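Hi,

Here is the structure we talked about handing over.

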Amino acid sequence: MRKALLSTLLLLSLAATAGAQTVLLNAAGATFPYPIYSKWFDVYHTAHSNIQINYQSIGSGGGIKQLQVGTVDFGASDAPMTDAQLGETKFKVLHFPTVLGAVVPTYNVPGVSGDLNFSQKAIVGIYMGTITKWNDPEIAKANPGMKLPSDDIVVVHRSDGSGTSFIFTDFLSKASGDWKGKVGAGASVNWPVGLGGKGNEGVTGLVKQTPGAIGYVELIYAIQNNIPYGKVENAAGKFLKADLVGVTAAASGAAKEMPDDFRVSITNAPGAAAYPISSFTWLLIPAQIQDASKREAVKGFLKWMLSDGQNFNEGLSYARLPKPVMEKELKAIAMIQ
């Protein structure tokens, strides 16, 4: 009797496994959240063996383009799609914030091992090309007692359409009217000076191998590659080194007044504790998914991401989403039809 029962249960289990349809989801986009996305997709596949999510870390601009032409099931971007991009897309796109992260100024300055302080004026000047030496008075003023070399500054920026660039240039546009008028904010801009690296990985590599270089990358890339990153002057005039507390503080205002479409900027946020180059990053999901199995797989992953998935954030130097934002997103999942 017991053997017969076990056999029946085994058969039912095998039948259920065989009946579970394999679902393959293809996605592409931002490099900024790639470390956490890679972790999430692996963990989710382990728990849901019939669902496989393949993600290409190609930059936010590439992710948006691939979504628009339909070569991926969903995209990812650190820059919310503009009204123009949404208007030229043949289907409705929903934005779902996933994590909070920080962009940091990384550098390779011979003889300097401690944390450098960067005023907003200094960062703007470096990327505008008006500050060209590491011992420039604007840099020295924020770093009293530190011996700075007279070496040339080698500016490194992204070469691809990049959400990280959007976050960085959005901050620069708020810090400087001159930058806003001459260069502006965007995933791709006409950089006044500098060398281009592809992806956060490419910028990290260039900074690491180039004496005198400065670049901007997502926090986890600086930590994983063991390269120094500096403190940045925030809107309250405080120099802060990026951490989860500062990123969470930057999002506090947006969490209370999050728009229904979740498109919001939190760079240079007010408050003494707010790290100034912080941002949400988003998954870009079609509102209409014709394939029922893919639609349910996407909705199931989003629900998991907003609950169990957030537990992996801190270990990879990303901050959890504020609770009000998660609650608003859980309701928005119903919009995927």
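Let me start with one lysine: Lys294 is partly exposed, at 23% relative accessibility (buried is under 20% relative accessible area, exposed is over 50%, and partly exposed is in between, with a 1.4 Å probe and protein chains only). Before going on, some housekeeping: this is a predicted model, where local features need pLDDT of at least 70, side-chain atom pairs count only at pLDDT 80 or more, and totals for chains, interfaces and linings use all residues. Residues are numbered from 1 along each chain as its sequence is written, and side-chain values use heavy atoms, with hydrogens and water left out.

**Salt bridges**

Side chains of opposite charge can pair when their charged atoms come close. The structure holds twelve salt bridges, each being a side-chain nitrogen of Lys or Arg within 4 Å of a carboxyl oxygen of Asp or Glu. In one of them Lys294 pairs with Asp73, with 3.1 Å between the closest N and O atoms. Lys294 sits in helix H12 (residues 292-305) and Asp73 in the loop between helix H3 (60-69) and strand S3 (74-77), so this pair ties together parts that are 221 residues apart in sequence. Helices (H or I, at least four residues) and strands (E, at least two) are DSSP runs, numbered from the N terminus.

Another one joins Asp115 and Lys241, whose closest N and O atoms are 2.8 Å apart. This pair also links distant parts of the chain, 126 residues apart: Asp115 is in the loop between strand S4 (93-108) and strand S5 (117-118), and Lys241 is in the loop between strand S10 (239-240) and helix H11 (244-256). Asp115 is partly exposed at 34% relative accessibility, and Lys241 is partly exposed at 29%.

Lys174 is partly exposed at 41%, whereas Asp170 is buried at 11%.

**Helix packing**

Two packed helices are described by the angle between their axes and the distance between the axes. Helix H2 (residues 34-47) packs against H12 at an angle of about 115°, with the axes 11 Å apart. Axes here are lines fitted to C-alpha atoms, for helices over the stretch in contact, and angles run from 0 to 180 degrees between N-to-C directions. On the H2 side, the contact (heavy atoms within 4.5 Å) is made by Trp40, Phe41, Val43 and Tyr44, and on the H12 side by Ala297, Gly300, Phe301, Trp304 and Met305. Those residues divide into eight nonpolar, one polar and no charged (Ala, Val, Leu, Ile, Met, Phe, Trp, Tyr, Cys and Pro count as nonpolar, Asp, Glu, Lys and Arg as charged, and the others, Gly among them, as polar).

H7 turns up again here: helix H5 (residues 120-128) packs against H7 at about 115°, with axes 10 Å apart. Gln120, Ile123, Val124 and Tyr127 of H5 meet Phe168, Phe171, Leu172 and Ala175 of H7. By class, that contact has seven nonpolar, one polar and no charged residues.

Finally, in helix H9 (residues 199-209), the residues Gly199, Asn200, Val203, Thr204, Leu206 and Val207 are buried. They pack against S4, strand S6 (154-158), H7, strand S7 (195-197), strand S8 (213-218) and helix H10 (219-224).

Cheers
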